[in-house]
Amino acid sequence: PKFVYDFTEGNKDLKDLLGGKGANLAEMTNLGLPVPPGFTITTEACKTYLDSGEEPAALRDEVSAHLDALEAKMGKKLGQADDPLLVSVRSGAKFSMPGMMDTVLNIGLSDKSLQGLAKQAGDDRFAWDSYRRLIQMFGKTVLGVDGDLFEEALEAAKTAKKVAVDTELEAADLKKLVTKFKKIVKTEAGRDFPQDPREQMDLAIKAVFESWNGERAKLYRRQERIPHDLGTAVNVCSMVFGNLGPDSGTGVAFTRDPASGHQGVYGDYLQNAQGEDVVAGIRNTVALAELEQIDKKSYDQLMQIMETLENHYLDLCDIEFTIERGQLWMLQTRVGKRTAGAAFRIATQLVDQGLIDEAEALQRVNGAQLAQLMFPRFDEEAKVEQVGRGIAASPGAAVGKAVFDSYTAVKWSRSGEKVILIRRETNPDDLDGMIAAEGILTSRGGKTSHAAVVARGMGKTCVCGAEELEVDTKRRRMTVPGGQVVEEGDVVSIDGSSGKVYLGEVPVVPSPVVEYFEGRMHAGAEDADELVEAVHRIMAFADRKRRLRVRANADNAEDALRARRFGAQGIGLCRTEHMFLGDRRELVERLILADTEAEREESLKELLPLQKQDFVQLFESMDGLPVTVRLLDPPLHEFLPDITELSVRVALAESRQEPHENELRLLQAVHRLHEQNPMLGLRGVRLGLVIPGLFTMQVRAIAEAAAERKAAKGDPRAEIMIPLVGTVQELEIVREEADQVIAEVEAATGAKLKLSIGTMIELPRAALTAGQIAEAAEFFSFGTNDLTQTVWGFSRDDVEASFFTAYLEKGIFGVSPFETIDKDGVGSLVAAAAKAGRATRPDLKLGVCGEHGGDPESVHFFHEVGLDYVSCSPFRIPVARLEAGRAAS
Ligand code: ADP
Ligand code: MG
Ligand code: MG
């Protein structure tokens, strides 16, 4: 293969091969923009080097050929004594990995060529400044010398000279500094700073290759889920100099504001500076707008180029540039990162400018960004005392009293306190505390640490790996930088979207986007904010494009109404189990304990009107839209008292010789119903088949409720869903009974109810026999939570806290299969079952309920396999709508 590409040979679509930086340098070169000439060594070369420990045989020759061509173009040779060509050696992977790998500038300078450079530039100071920078960068990144040693020496030189900034050091000072730097290299690296320019270049290239496997780089990739086998490209770029005096400088710019999306002039500029100086904060930069006064010609040209770039990339770009004695050079560009809010605004702005269409606008935003915009956040106006920053592991804004152990978290939260659980790191023993806490803060661990994984799973705010916080769990306190101590009970605030940690209570404001979805803020209104306006329009694009319908998981009128405001097109999953709790528990207990048919019927009769009332309200709140009611699913013992508690009660009563006949009966029932593995036990349709009258009571309640709504001129559209079916026979029996009940209700009320009956597909056997099951089902709803559990053989309630962290760290999966559908396994069963079901019954309605229904990546999958709808919790509905729209465009 070809290992080296001239900037004129590449283009922006070759990021896999040339890395992001290389591909875009090539693109700019071909756009005719002023890019210093150079070439890119491919990621393939890097991979070969890393795999074999040696550079590919052909690489050296190819580099030589490209270097020759570059020297011919520039009319000087690398490191040439009287007039040296200097180059930078720059890393650049497919995905930008900020600060992970380094760049070496001024390669080609040596004791000899230094003189030539000084003479050519007519500036000694500049030459010595460039040389000391080379030794410093080379020493640090290539030879592995501690960078602080150079910084300290530089500081010492400034102190000796009594000056504040590096530009005040003169040639003689810098010359001394070079000697000092060389000494540092010699002592620390055990070798002299190489004088041969080609050796400098080759060593730098190798160092860039190796930086791919540096510890920080590996950690960053794991956290960002960037594959480890991509490798980095290396860019060799002829130097241009921003440190040639006041008519030179270097800067960074955005083609529009990455925080608001507003068009305008955003960036920073620093005169007489090189490379990283502008972001390193060594001197005060000026706003880019001031460049107009400093160098009008370059400024105008830069504005022109920024426009060219936006029109070409059709997006916000960020830029690095350098001005060398009045000549502008472009050193980097890429489609720039932006905040979630800006992503929405920019997408609509670009539509208004006619640069992109609606379908493309949908690709410029995503559900994760929308979800981020929906979290409540800390009031930006508030006075805050930030004391640390960790990894933004799970979004949200949480405020509470600091507690340092799980036990206290639970105890305090039971007494109504809001707490933040602070730990060095968490482990499965902390689970109760994590559930009790408003948020979780740890000082160790990354995005795949236990705290992060579990918190995300629970939707709980979490900041992890805030390393500068010293957590002392024994003494129940935390020390923050500066020495302040946070004791147990002190209030802290954590921002899971930014990773920031504050002392005291930071006021929380609701998200304007949620206010909008709730109907409390209107797009188009005078005071509506720009963000809301943009979200409103993007949602309209998505709704126009999408094929998938979006329903809600909701089981009461309040949730249903909120879901409707958020855009739900029905209820995909109404769980009836909560309707059996609370004051109704006693009735359920009686039902379970009934010895005779009469007793059982008695309790069912009492439950019926209560159930019916639930459904009347639900159908009313979802009038005109489908409501899928799932018949009772969980194991019965969940409705009975805890076995130990009850045993104690019985024993106590016994010893006091008090009457305890009822308790004893209850205890016997609990024993009878006790299962080792309740999730695989007597639940779902099995329950319906074993407890006579239970399902028919529920069906009757649904039918009567629908009839009542009809009588009230409503439009109820109930669908009856049977859970945990494994074989069509189960469904047939339930169905037969249900049909009979419905017929009875229709006869009694004279209403035509048109209730449909379908099933969950949540067991592998059901998926495998979907063709048969479809004979008796008018719809399927894939219960992907249980299906994931049963296909993998993972207990959902246990694994996230136990071994998932290890699995994520080992890269067995990049994300929990309960969060994003496992396409290859669970997903392929869904696809096959959908197909088999439709083969039997072409008009079979297909949906999915469960956590995956609101997960962006999963939504795309469900679109692809042709489901009709997804159902998710009310809060996720906008995300599902947006992603369904993106999937279809
Ligand atoms: P990063 O990926 O960290 O931004 P870069 O490779 O872009 O690293 O380079 C670091 C700094 O050096 C940037 O400010 C860049 O503009 C500057 N730089 C890189 N190559 C050259 C060059 N050939 N001439 C002048 N400045 C350069
Ligand atoms: Mg850069
Ligand atoms: Mg289930």
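# Domains and helix packing in a predicted model

UniProt lists residues 417-499 as "domain: PEP-utilising enzyme mobile", in an unreviewed entry. The model is predicted. The chain divides into four parts: domain 1 (4-238), domain 2 (249-335), domain 3 (376-509) and domain 4 (546-635 + 675-887).

**Annotated spans**

- Residues 417-499 are 18% helix and 33% strand. The end C-alpha atoms of this span are 23 Å apart.
- The unreviewed UniProt entry also carries "domain: Pyruvate phosphate dikinase AMP/ATP-binding", which covers residues 59-284 and 291-341.
- Of that annotation, residues 291-341 are 47% helix and 33% strand. Their end C-alpha atoms lie 29 Å apart.
- A further UniProt feature, "domain: PEP-utilising enzyme C-terminal" (unreviewed entry), is listed for residues 533-885.
- Residues 533-885 are 55% helix and 12% strand. The end C-alpha atoms of this span lie 18 Å apart.

**Domain layout**

- Domain 4 is assigned in two segments, 546-635 and 675-887.
- Between the C-alpha centres of domain 1 and domain 3 the distance is 41 Å.

**Helices α24 and α25**

- Helix α24 spans residues 643-655, and helix α25 spans residues 661-673. They pack at about 150°, with axes 10 Å apart.
- Angles over 145 degrees count as roughly antiparallel, so α24 is roughly antiparallel to α25.
- The crossing of α24 past α25 is left-handed.
- On the α24 side the contact uses I643, L646, S647, R649, V650 and A653. On the α25 side it uses E663, L664, L666, L667 and V670.
- By class, this contact of α24 with α25 holds eight nonpolar residues, one polar and two charged.

**Helices α31 and α34**

- Helix α31 (residues 784-792) packs against helix α34 (residues 823-840) at about 120°. Their axes are 10 Å apart.
- The two helices, α31 and α34, are therefore oblique to each other.
- α31 passes α34 in a right-handed crossing.
- From α31, the contact residues are T784, L787, T788 and V791. They meet G825, V826 and L829 of α34.
- Four residues in the contact of α31 with α34 are nonpolar, three are polar and none is charged.

**Helices α20 and α36**

- Helix α20 (residues 530-545) and helix α36 (residues 877-887) cross at roughly 60°. Their axes come within 7 Å.
- That angle makes α20 oblique to α36.
- α20 and α36 have a left-handed crossing.
- M539, F541, A542, D543 and K545 are the α20 residues in the contact. Their partners in α36 are P878, R881, L882, A884, G885 and R886.
- The contact of α20 with α36 has six nonpolar residues, one polar and four charged.

Conventions:
Residues numbered from 1 in each chain as written. Chains lettered and ligands numbered in written order. Predicted model: local features only at pLDDT ≥ 70, side-chain atom pairs only at ≥ 80, totals over all residues. UniProt positions renumbered as here; feature names shortened; annotations may be inferred. Helix = DSSP H or I, 4+ residues; strand = E, 2+ residues; numbered from the N terminus. Domains from an automatic or database assignment. Axes fitted to C-alpha atoms, helices over the stretch in contact; angles between N-to-C directions. Parallel < 35°, antiparallel > 145°, perpendicular 65-115°, else oblique. Left-handed = near helix turned anticlockwise from the far one by under 90°. Contact = placed C-beta atoms within 7 Å. Nonpolar A, V, L, I, M, F, W, Y, C, P; charged D, E, K, R; others polar.
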